[in-house]
Amino acid sequence: MTDQHMTPVADTPVEGPPKKKSRAGRDLPAAIGVGVLLGAIAIGVLIFAPIGWIPVLAIAIPIGMWEVISRLREAGYALPAIPLLLGGQAMIWLTWPFGPAGLLGAYAGTIVVCMVWRLVGQGLRDQPVNYLRDISASVLLATWVPLFASFSALLIFQDEGGRRVFAVIATAVFADIGGYVAGVLFGKHLMVPAISPKKSWEGLGGSLLFGIGASVFSVVFLLHNPWWVGIPLGLMLVITGVLGDLVESQIKRDLGIKDMGKLLPGHGGMMDRIDAMLPSAVAGWIVLTLLA
């Protein structure tokens, strides 16, 4: 006889406790592993074969560009992908024989071709739709990714170029580490919650402390320059790094996405890893060219 007060129990699997996420919202072990691997590759190239930095950029930059192009296409944009990708390669490689002039010429040529390509892409008999929007996005992408990245290529051809690029990257990485540690341990006062809900003023303080410290160390022991050169270098790299991160955060917020891609576990896409370093490359080139 069945007890009417007994409720049958469904045969469902018992789930374990939910996985803990870091306060940064990332898979921390995977992020650390990928970061160490990428860092090892960069260090190896910059120390043992600095000119190899050009092929590294030539591989990484189109990956980041394609991630942005793909996300914008999903949002309805029509970007001239072929001129952007080929123009990005021209910017990188023309720094080798021609320096800043080659970079500037390739950048200007890329913009001109993009303007014409988008104009005739639908045929001259049909009026282009959203032309201004798409060309504005194309100019932003060409500037933000290959142009900014190519400033690190320009550094390679200076005296001790590999060490100069290493100093910029090391400062950016340690600033990121300092911001993460300080933000997780002490972050209470949000800096720009409307754009990035996890960035705090305490995190910025950690970025400044770690970034300027790494910059001073790099300038003295790698570049053999006065220690004070590391202060403006570190300060500029931290500021531009934070702003670069915020720019990508706002673009992703406009597009309604969390990451630009899924290539790098724990980081997202290539652009999610290098967003802070792109404007930092410009700042690093300016400071080291003028002061070191």
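Modeller: Start with a pair: both Glu248 and Lys252 are buried. This is a predicted model, where local features need pLDDT of at least 70, side-chain atom pairs count only at pLDDT 80 or more, and totals for chains, interfaces and linings use all residues. Residues are numbered from 1 along each chain as its sequence is written, and side-chain values use heavy atoms, with hydrogens and water left out.

Colleague: What makes Glu248 and Lys252 a salt bridge?

Modeller: The label needs a side-chain nitrogen of Lys or Arg within 4 Å of a carboxyl oxygen of Asp or Glu. Here the N to O distance is 3.8 Å, so the pair qualifies under that cut-off. Side chains of opposite charge can pair when their charged atoms come close.

Colleague: How are Glu248 and Lys252 placed in helix α8?

Modeller: They are four residues apart in α8 (residues 230–255), so about one helical turn separates them. Helices are DSSP runs of H or I with at least four residues, strands are runs of E with at least two, and both are numbered from the N terminus.

Colleague: Why is Asp134 called buried?

Modeller: Buried means under 20% relative accessible area, exposed means over 50%, and partly exposed is in between (1.4 Å probe, protein chains only). Asp134 has 0% relative accessibility, so it counts as buried. Arg118 has 8%, so Arg118 is buried as well.

Colleague: How far apart are the closest N and O atoms of Asp134 and Arg118?

Modeller: They are 2.8 Å apart, and the two residues form a salt bridge. That pair links distant parts of the chain: Asp134 is in helix α5 (residues 131–156) and Arg118 is in helix α4, 16 residues apart. A network of salt bridges links Arg118, Arg133 and Asp134. The whole structure has nine salt bridges.

Colleague: Why is Val68 called buried?

Modeller: Its relative accessible area is 4%, so Val68 is buried. Val68 belongs to helix α2 (residues 53–74). Not counting residues up to four places away in sequence, Val68 touches Leu141, Trp144, Met260 and Met271. Val68 and Met271 are 203 residues apart along the chain, with C-alpha atoms separated by 7.8 Å.

Colleague: How do you know that β1 and β2 pair?

Modeller: Two strands pair if DSSP finds at least two bridges between them. Two bridges join β1 (residues 190–192) to β2 (residues 196–200), and the strands run antiparallel. So the pair meets the rule of at least two bridges. Three residues lie between the strands of this hairpin, and Leu190 stands opposite Ser200 in β2.

Conventions
Contact means heavy atoms within 4.5 Å.
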